[in-house]
Amino acid sequence: MNEAIYLYLDESGNLGSSGRYFVIAGIETTNSKPLHNVMKKSILKIKTTFDCFKNLQEIKASDSSPIIKDFMLRKIASKENIHIRYIVADKKHVKRALIEDENLLYNFLLKFLILPIATKPNIKKLVLILDKRTIKVKSSNSFEDYINLLIRYEMGLDIQIEVIYMESQNCYAIQAADFVANGLYSKYEFRNGYFESILASRIIFADHFPRGFFGK
């Protein structure tokens with residue numbers, strides 16, 4: 001297997017004072033076209049069914065009703081060529097220095113999603129696609145340098161890591177990751193596992209941070 005792997009990422013929750021948990025979710029695939037197509041068709045159906053969404057450039061999961069979330073997550077989970085990876089941080093037990101530097105914490109957590117993919121045999125390229133709003137522009141290049149330094153030089157892995165920042169309104173796969181992250185967030189912040197159960201067949205990796213104190 002020498003083809004590139006694409007990981008579309010988004011988050012739910014915040015790194016401020018409100019809420020206890022913060023989720024980063026990634027949709028992994030070697031071919032994003034089926035996911036792109038199903039999202040495009042599903043969003044068009046929502047816009048033609050619900051007038052309140054008709055003129056929006058992007059439908060956010062946080063603005064959607066449970067019925068719409070259910071519909072979107074089932075469409076996403078129907079795609080057999082995708083895998084879901086996610087990590088959840090329990091902010092109650094995260095060191096204050098990390099909480100105060102949102103970019104540092106985000107990059108630190110993202111590493112836990114990347115390493116299991118990068119250490120697969122015969123993987124030559126991993127492309128990370130993130131919403132431009134995720135990491136401040138001034139730190140975007142430093143993150144790509146950091147992760148390549150970790151993977152290629154410290155760990156000695158022969159893999160190229162490319163980081164792409166896109167406007168989420170122009171990327172259906174990032175919009176899919178938004179719905180996935182939001183659904184998983186409900187499990188932890190509101191103890192509602194319904195949406196997670198829809199995605200269960202596609203989840204191949206879930207991690208909690210910090211592991212020794214998570215949820216306590």
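What follows is a chat about helix packing and strand pairing in a predicted model.

Colleague: What should I keep in mind about the numbering and the cut-offs?

Modeller: Residues count from 1 along each chain as its sequence is written. The model is predicted, with local features needing pLDDT of at least 70 and side-chain atom pairs counting only at pLDDT 80 or more, while totals for chains, interfaces and linings use all residues, and side-chain values use heavy atoms, leaving out hydrogens and water.

Colleague: Why is α1 called roughly antiparallel to α2?

Modeller: Helix α1 (residues 33-49) and helix α2 (residues 66-77) pack at about 155°, with axes 9 Å apart. Angles run from 0 to 180 degrees between N-to-C directions, and over 145 counts as roughly antiparallel, so α1 and α2 get that label.

Colleague: Which residues of α1 and α2 make the contact?

Modeller: Contact means heavy atoms within 4.5 Å. Among them are Leu35, Val38 and Ile46 of α1, and Ile68, Phe71 and Ile76 of α2. By class, that contact has 9 nonpolar, 1 polar and 2 charged residues.

Colleague: And what is the crossing of α2 with α6, left-handed or right-handed?

Modeller: Left-handed. The axes of α2 and helix α6 (residues 172-189) come within 10 Å, crossing at roughly 115°. Left-handed means the near helix is turned anticlockwise from the far one by less than a right angle.

Colleague: What makes β1 and β2 a pair?

Modeller: Strands pair if DSSP finds at least two bridges between them. Strands β1 and β2 (residues 21-29) have 8, in the antiparallel sense, so they qualify as a pair. Tyr6, for one, stands opposite Thr29 in β2.

Notes:
Helix = DSSP H or I, 4+ residues; strand = E, 2+ residues; numbered from the N terminus. Parallel < 35°, antiparallel > 145°, perpendicular 65-115°, else oblique. Nonpolar A, V, L, I, M, F, W, Y, C, P; charged D, E, K, R; others polar.
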